[in-house]
Amino acid sequence: QIAGSWDTRTVAARWAYRNEQGQILGYACRFNLPDGGKEVLPQVYGEANGKPRWQWKSFPVPRPLYGLDRLSASTTDDFVLVCEGEKTADAAQRLLTDAVAISWPGGSRAVHKADFRPLAGKPVVIWPDADRCGYEAAIGVAEALASMGTTVHIVLPPASDKSGWDLADAEADGWDSA
């Protein structure tokens with residue numbers, strides 16, 4: 001059983017990280033903060049004080065990608081769309097059904113901790129959040145993939161969009177796959 005709260009807050013959203021066979025590796029849990037902000041914490045199963053249990057701690061490095069199960073089920077015609085954040089990857093998957101939308105745990109500053117090896121040799125497009133951190137994360141992902149010989153394209157979000165805009169916002173704005 002996974003704990004339903006952390007501190008005094010309730011989990012507002014939870015995304016399951018699965019391996020290629022669909023088995024749960026852990027979760028990313030979103031907490032809404034009293035000031036309107038958010039905090040996303042990883043939850044993994046492991047041993048603590050000699051007992052196996054769920055813990056609020058990061059995935060071990062190299063960290064798995066969110067969407068590995070989707071990736072393993074994809075066809076050779078599918079391209080991989082790398083987004084920042086699980087919520088955005090899920091929205092992107094709904095918007096772009098001919099893609100396999102994935103993300104990595106830990107946000108823009110944790111790109112270097114993710115295991116991008118499952119993307120080697122696949123057609124990859126990166127769609128960053130519309131802010132400096134998003135662009136820097138996209139460059140980090142592109143560099144990691146280029147070091148494996150993978151060709152990468154980066155989409156620049158529309159310049160008119162507000163800072164931080166992403167494909168989850170696009171879905172909320174009414175974009176669709178048509």
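These legends walk through close-up views of a predicted model. Residues are numbered from 1 along each chain as its sequence is written, and side-chain values use heavy atoms, with hydrogens and water left out. Because this is a predicted model, local features need pLDDT of at least 70 and side-chain atom pairs count only at pLDDT 80 or more, while totals for chains, interfaces and linings use all residues.

**View 1. The largest pocket and its lining.** A pocket here is an open set of points on a 1 Å grid over the protein atoms alone, where a 1.4 Å probe fits, with protein on both sides within 12 Å along at least five of seven lines. The largest one holds about 660 Å³ of space, a volume being the space filled by probe spheres set on the points. Its lining has 30 residues, and K38, V40, G85, E86 and G107 lie nearest the centre; a lining residue has an atom within 4 Å of a point. Strand β4 (38-48) supplies at least two of the lining residues, as do β3 (24-32), α2 (86-95) and α4 (167-172). The largest share, four residues, comes from β4. Helices (H or I, at least four residues) and strands (E, at least two) are DSSP runs, numbered from the N terminus.

**View 2. D90 and R70 in a salt bridge.** A salt bridge is a side-chain nitrogen of Lys or Arg within 4 Å of a carboxyl oxygen of Asp or Glu, and the whole structure has four. Here the N to O distance is 3.2 Å. D90 sits in helix α2 and R70 in helix α1 (residues 68-72), so the pair links distant parts of the chain, 20 residues apart. D90 counts as buried because its relative accessibility is 17%, whereas R70, at 23%, is partly exposed. Buried means under 20% relative accessible area, exposed over 50%, and partly exposed in between (1.4 Å probe, protein chains only).

**View 3. E171 and R94 in a salt bridge.** These side chains meet at 2.7 Å, N to O. E171 lies in helix α4 and R94 in helix α2, so the pair ties together parts that are 77 residues apart in sequence. E171 is partly exposed, at 28% relative accessibility.

View 4. R132 is exposed at 65%, and E136 is partly exposed at 45%.
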